[in-house]
Amino acid sequence: MDLNFDIKARIDEAVRKLQQDPALLKEFQSDPVKALEKITRMDLPEEKLQPLVAGIKTKLGAAQLGDALDGLKKLF
């Protein structure tokens, strides 16, 4: 298996899929490695997927923060 892939592109793809599918997002929150394997169709050891999981969690957190800030703007 070729492990040379664009990590940023994989993270962006996974975040997009998670934001579009609430059930998959819930699965990611409970078992991120299993959900990531489903999204990427990659069966890698957990330690290889952890950097992707961390990047996805960071990007999802930033997106949720942005949504919250947009909600606050509407109050003023």
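**Salt bridges and a buried helix side**

Modeller: Start with aspartate 12 and lysine 8, whose side chains form a salt bridge with an N to O distance of 3.0 Å. The model is a predicted one.

Colleague: What is the general idea behind such a pair, and how far apart in helix α1 are aspartate 12 and lysine 8?

Modeller: Side chains of opposite charge can pair when their charged atoms come close. Here, aspartate 12 and lysine 8 are 4 residues apart in helix α1, which means a separation of about one helical turn. Lysine 8 is exposed, at 53% relative accessible area, whereas aspartate 12 is partly exposed, at 26%.

Colleague: How many salt bridges does the whole structure hold?

Modeller: The search finds 4. One of them joins glutamate 27 to lysine 38, with 2.9 Å between the closest N and O atoms. Glutamate 27 sits in helix α2 (residues 22–30) and lysine 38 in helix α3, 11 residues apart, and the pair links distant parts of the chain.

Colleague: Is glutamate 27 buried or exposed?

Modeller: Glutamate 27 is buried, because its relative accessible area is 18% and the cut-off for buried is under 20%.

Colleague: Now for helix α3: which of its residues are buried, and how should I read the pattern?

Modeller: An α-helix has 3.6 residues a turn, so residues three or four places apart point the same way. In α3 (residues 32–40), the buried residues are Pro32, Val33, Ala35, Leu36, Ile39 and Thr40. Their arc around the axis is only 160°, so they lie on the same side of α3. Just past this helix, arginine 41 has a positive phi of about 60°.

Colleague: Which residues does alanine 14 contact, leaving aside neighbours within four places in sequence?

Modeller: Leu36, Ile39 and Ile56. Leu36 and Ile39 are among the buried residues of α3. Alanine 14 itself is part of helix α1 (residues 7–20) and counts as buried, because its relative accessibility is 0%. From alanine 14 to lysine 59, the C-alpha to C-alpha distance is 10.0 Å, with the two 45 residues apart in sequence.

Conventions: Residues numbered from 1 in each chain as written. Predicted model: local features only at pLDDT ≥ 70, side-chain atom pairs only at ≥ 80, totals over all residues. Heavy atoms only, no water. Buried < 20%, exposed > 50% of the residue type's maximum accessible area, 1.4 Å probe, protein only. Helix = DSSP H or I, 4+ residues; strand = E, 2+ residues; numbered from the N terminus. Arc of directions from axis to C-beta. Contact = heavy atoms within 4.5 Å.
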